[in-house]
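Please look over the following model before reading the notes on it.

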Amino acid sequence: MFGAGGKRRGNRAQRGRGLSPIVGLVLLLGMVIAGTALLFIVGSPMLDTFESGSERERAHLCMDETDHQLATVAATGEQRSMPDTDISDCQIDVADKGQVDILWYNDSESDDLPWDDDTRTATAELGALEFELDDRTIAHQGGGIWEDTGSGTQIISEPGISYENGSTGSNGSVRFDLMLLDQDELSGSDPIARADHERSDELAADIAEAASNSDGTNVAIRIESSYHDGWKQHLDSVFGDHGHVEMPEPNVVMSTFEDIRDPAEPAEFVVVEDRGLRDKNGNPLDQRIHADPTNSPYGVGVSIKNTGEVSDSRNIIVSIWDEELDELILTKEKDITLGSGETVDLSQKGANRTIQFQHNSEFDDKLETGETYAYTLEIETDEGTIENELDEPGTFYYGTSEPFFDLSNVSPSTGSSFATGNVTISGDVQQLGIDDTADSSAELDLEYLEDDHDTPEAYKNIVAMPVNGTSGATTPVAWTLNTSSMLQGEHQYTIDTGDENITKTFVVETGVDPGDTELYLESGNRVNVSILGTEISAESPTGEKRAKLVDGEKENGKWKDTGAGGWRYEWSGSQPNWNEDGGWKTDGDLECTSSFGTFCFEYDFVDSTEFWWDDESGWDLGWSESQGSDWAWTGDGDWVSYDVYEKQWAPVTVDLITQSVDEDGAPVGDRNVIEPDDWGTDGTSGDGSPESRNLNTHDTRDEIWEYSFTTDERVSLTLSSTLHRCGNYQLRDTDLYTDGEYHDYHDTWSEYNGNGIWDHYDCMNTRGESLNVDATTDSNNANVRVRDSVDNTVPELRAGHQRQHSADEVLERADRDLFGGELEDGTGYLDLKEGREFVFMFEVTDEAPSGMDPDEYWDQAGETDTPGDPNFNDVIVLVEVDGVPTDIGTPVPIDGGSKMVDTGLGHSDDDYNAGSGNNTETGVKVDTDHIVIG
């Protein structure tokens, strides 16, 4: 006996042949089990005993009516009262009186059927409606009516079990219309019955699952019932020789059918698809992950399918490797069970069959940002062999959550020395972020570390290299320098990406000696020429007087006719001019006061009582002191009369001349004249004329004009300054000067001190050259003096003309004060960088006598008791030479450009559609309705 209480289900998750759903049922011996589940709901105990023969007849009538009502509920699904009859005392009770089991097994198990294997057995409770008489029991069970007399069971009404021969005679079909009864409690007195479709579906699913869990070709049906001998009679009569019927134990009837279906295909797990890495919610990660402080897991989105016809389990192994698959980094494995045709995604959110990696606890010390990794998947059988796998591994990039430009592989290493050839400074810049960003750049900073020598300007003009901002991209950066054109000694360099920088040093053993003072420029030298000042002018007093308001504003007062003010107005010409840019206005009118015929030769402001200043327009009037005049100033400040002087600023230009030279400095080829047209009067590109390139005007004489160029061969440098004659001076500016002094020993300054109003005139048109002077470092031309780090003394030089800067004052106007101090004898000296800075001082307004010794002419400039020329303040030029070629700033082209990160999904060659994934032959075709009485 195996008991009568409930379904006996074992551990479905135990290791076996696997689980798979049923999608179709095909029979060799066609069997149909139509189950109808009924539930009786009763309000009071329903067990009564029929005491007499007439009561027996009444019991049969009641049972017949109950059978009819149950059939109606099963057929229509409608709820019905049980029973619906006028038979008194026709009350029913549902007893737990039976169970049916269906088992699939192999030939080898025929002698000892594995009924205890719940994975291959479907079980259902039969239940029974019983009427107890004195000497017998009438029951409704499984769709049939049985009468138990104590000595045997009679079949009153057969259950829905039938057999039909097949058309070929080799097989047939068996149909089971089993009515499964159950009972529930409900307040009230009348029992009712209703269909329970959910339980019918569960039985159908159990039968299908048990069939799919077995590869057996045989099926056994076992019925446990108090009416077992009636069931045996019925099964013998229905099946005959087609199904072996026996009673293996008391109250149990069993029927077996052999070779009911073909053998099932064994389970095989294949890789269906790699959908890539997924986050904890199953969202795709584009094969790029980053360090995550929240320890979020990452799953591998590989789909695996069981293409066999039976359920089974496999060990799934996911491994992470370096990109070349040389080093195993991480491994995760899990035992996964799949039914026939079932597919699982290993990264599916919420599934209990996922394989995920936790970042902090597993990735933390094992993965490096900026690296690409591979992952593999293997399907391992019980025997430890690899059944299937990803034929091509998937790859992913491990980076940072935000863009970051990382620097590595920087060379040369600290302490490296170079005697000849090139120095190549290089590194690799990688964008570590998992997201793309804008392209950036890597900058190179180069310093010269030797004492007493500044870093050359050419080292400060290095072109930055572009860097790819694509996620994971690596951009090589490099700069090449020629050691023969570099300064000898120790250098320091820094490569900076904006996010990271690395500093190292190296030594150039040969190269340019920083103490070399010869002004010969190698190919690639950068030269900067600065015109520090031009002081060329002539002046004279005009003998005029002109009034100027001191300590006041013209707009804040008026001239009024007081009758005794001591000032009068005046103008140039026969009548005043009206000025649209500002002038004096009055309350009177300008009228002709003296004429001859129609010609007026005298005008005056008739009836004017006051004059006031207007910035927008007015009369051009001047004011002068005049004893007995009527006008007086009533505003702020005082009107003061000054002497008027006239100053003419002479036109001068500067050209640069280069001369190709050999290794000994001897000239080779023609001279090349450079006439910069972007310095001059207006500071913009001109037409190249002396007027447009004039450096000496009152308004621009304080400008420092600069011009830079790079040599493309070995050359010497010459500066040429030219004083031009002027054909037309025009008034350009007027100012007040009060710092003038008398000089008793001067030819003109002993007569006047220069305090007064100065009218400044600039040259508008030139008419030929007055004096041209060329200069080189090896020239003895008397009209130019070249100062360098060795010949660097500058005595106190003559003062210039009034309103001019002295040479000393001009030399202090550079970006830094070029004066280094004074020697013991009071002679000043310039602080010039060795071999890098040169000062050219021109005298172009006084030509030295022919054959005069330059030093003698230089000494005359130091005779400060006689101001004037020569004073070498006419044109002063600073030349800065960078001895390192500027190709230091040219990045070396890198063939192939940036190296991009290559990631992708894994690939499997498995033909995962080779089988349907189902054992479509169960041996039993299930078509059940489950009815609940309640």
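Predicted model: local features only at pLDDT ≥ 70, side-chain atom pairs only at ≥ 80, totals over all residues.

Residues are numbered from 1 along each chain as its sequence is written, and side-chain values use heavy atoms, with hydrogens and water left out.

**Disulfides**

Two disulfides are present in the structure; the term denotes a pair of cysteine sulfur atoms within 2.5 Å.

| Pair | S to S distance | Torsion about S-S |
|---|---|---|
| Cys-592 and Cys-600 | 1.9 Å | about 110° |
| Cys-726 and Cys-763 | 2.2 Å | about 105° |

With its torsion of about 105°, the Cys-726 and Cys-763 disulfide is right-handed. This pair links distant parts of the chain, 37 residues apart: Cys-726 lies in strand E52 (residues 715-737) and Cys-763 in strand E53 (residues 756-775). Helices (H or I, at least four residues) and strands (E, at least two) are DSSP runs numbered from the N terminus. Cys-726 and Cys-763 are both buried, where buried means under 20% relative accessible area, exposed over 50%, and partly exposed in between (1.4 Å probe, protein chains only).

The disulfide of Cys-592 and Cys-600 is right-handed because its S-S torsion is about 110°. Cys-592 has 38% relative accessibility and so counts as partly exposed, whereas Cys-600, at 12%, is buried.

**Largest pocket**

A pocket is defined on a 1 Å grid over the protein atoms alone, as an open set of points where a 1.4 Å probe fits, with protein on both sides within 12 Å along at least five of seven lines; lining residues have an atom within 4 Å of a point. The largest pocket has a volume of about 790 Å³, the volume being the space filled by probe spheres set on the grid points, which are joined across faces, edges and corners.

Its lining numbers 25 residues, with Arg-546, Ala-547, Leu-621, Gly-622 and Trp-623 nearest the centre. Strands E37 (537-550), E41 (583-586), E46 (622-625) and E52 each supply at least two lining residues. E37 gives the most, six residues.

**Helix H2**

Helix H2 (residues 197-212) has 16 residues and should span 22 Å at 1.5 Å a residue; the end C-alpha atoms are 22 Å apart, which agrees. The expected span is 1.5 Å times one less than the number of residues. Buried residues in H2 include Ser-200, Leu-203, Asp-206 and Ile-207.
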